[in-house]
Amino acid sequence: MSKLDNITKESRLEWEKGISGMFQEIADSYEKINTFISMGMDQGWRRSQLKRLEQYLKDAPVLDIGCGPGSLSALAKKELPQARFLSTDISPRFLEIAANSGNADVLAQVSASDLPFKDDSFAAIVSAFVLRNLPDLKRFYKECHRTLKKDGIVCMLDLTTPAFKPISFFHSIYMKMALPLGAKIYGSRVEAYKYLDRSIKNCYSQKEMNSILEECGFKVLHTDKKCMGTVTIYTAQVIK
Ligand SMILES: C[S@@+](CC[C@H](N)C(=O)[O-])C[C@H]1O[C@@H](n2cnc3c(N)ncnc32)[C@H](O)[C@@H]1O
């Protein structure tokens with residue numbers, strides 16, 4: 001996630017090309033490594049995210065940004081069968097995996113920076129472990145504001161740097177060791193996982209994230225801290 005304010009179109013596209021290429025390379029082993037690094041807790045976090053979503057579903061679809069292998073929509077099929085997911089990602093290989101595994105039913109290749117959808121289309125926009133990869137977070141939230149229906153919500157799960165310094169210190173050491181180790185065990189690219197470690201440091205704090213949401217026209221409803229603040233679920237409602 002970039003903290004630059006006036007990012008140009010060229011640098012945004014270049015950033016997205018790089019990120020998409022990197023995710024293409026790790027797509028096949030991503031799910032196993034994610035479960036390894038999170039010590040199997042990732043599904044529980046996604047479950048909490050779906051719980052937040054439940055009361056806002058209404059009669060409109062849910063847009064999943066950066067769906068990866070479709071882990072969230074697969075879980076929603078069991079836990080929230082009334083939700084109609086549109087699963088999207090910038091990396092074609094992830095879309096293939098999500099479709100072939102049966103994790104996701106309706107898919108499209110979409111960049112979070114330019115949502116190719118009409119205004120007022122969705123009841124909710126969700127993402128899991130995506131925000132810190134985006135070149136321009138405010139642009140993404142403004143696109144969410146435009147495409148959400150009145151009273152719709154964003155519900156975003158991501159890794160965060162904990163505010164409490166000792167936890168933040170041990171978390172950073174853990175990530176430095178666990179990410180390359182996971183990549184080695186599952187035969188993925190160690191370099192790509194070093195990027196993931198760096199990207200966590202690039203994250204906004206919970207306070208900063210909530211003020212960006214407010215700046216982009218949202219009312220923050222919940223900030224759910226998981227795993228001692230190393231993971232956060234942000235739920236915010238659009239003001240229209
Ligand atoms: C860490 S994976 C998360 C996958 C999945 N959401 C999960 O719960 O595990 C990040 C995903 O975001 C996608 N992504 C990265 N930048 C993106 C962008 N600008 N627009 C859309 N998707 C993007 C990547 O291709 C990748 O599938």
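This is a predicted model: local features need pLDDT of at least 70, side-chain atom pairs count only at pLDDT 80 or more; totals for chains, interfaces and linings use all residues.
User: Which residues are the closest to the ligand, and how many surround the ligand?

Analyst: The ligand is surrounded by 23 residues, and Gly66, Gly68, Ser91, Ala112 and Ala128 are the closest.

User: What makes α1 stand out in the shell around the ligand?

Analyst: With five residues, α1 gives the most to the shell. Both α1 (9-37) and α3 (71-79) supply at least two residues each.

User: Why is α6 called roughly antiparallel to α7?

Analyst: The axes of α6 (residues 165-185) and α7 (residues 190-201) cross at roughly 155° and come within 8 Å. Angles over 145 degrees count as roughly antiparallel, so α6 is roughly antiparallel to α7. The crossing of α6 with α7 is right-handed.

User: Which residues of α6 and α7 meet?

Analyst: From α6 come Met175, Lys176, Leu179, Pro180, Gly182, Ala183 and Lys184; from α7 come Val190, Tyr193, Lys194, Leu196, Asp197 and Ile200. By class, the contact has eight nonpolar residues, one polar and four charged.

User: Why is Leu13 called partly exposed?

Analyst: Leu13, in helix α1, has 13 other C-beta atoms within 10 Å. A residue is exposed at 12 or fewer and buried at 20 or more, so with 13 Leu13 is partly exposed.

User: How many residues apart in sequence are Leu13 and Lys176, and what is the C-alpha to C-alpha distance?

Analyst: Leu13 and Lys176 are 163 residues apart in sequence, and their C-alpha atoms are 28 Å apart in space.

Notes. Residues are numbered from 1 along each chain as its sequence is written. A residue is near a molecule or strand if its C-beta atom, placed from the backbone, lies within 6 Å of it. Helices (H or I, at least four residues) and strands (E, at least two) are DSSP runs, numbered from the N terminus. Axes are lines fitted to C-alpha atoms, for helices over the stretch in contact, and angles run from 0 to 180 degrees between N-to-C directions. Angles under 35 degrees count as roughly parallel, over 145 as roughly antiparallel, 65 to 115 as roughly perpendicular and the rest as oblique. A crossing is left-handed if the near helix is turned anticlockwise from the far one by less than a right angle, and right-handed if clockwise. Two residues are in contact if their C-beta atoms, placed from the backbone, lie within 7 Å. Ala, Val, Leu, Ile, Met, Phe, Trp, Tyr, Cys and Pro count as nonpolar, Asp, Glu, Lys and Arg as charged, and the others, Gly among them, as polar.
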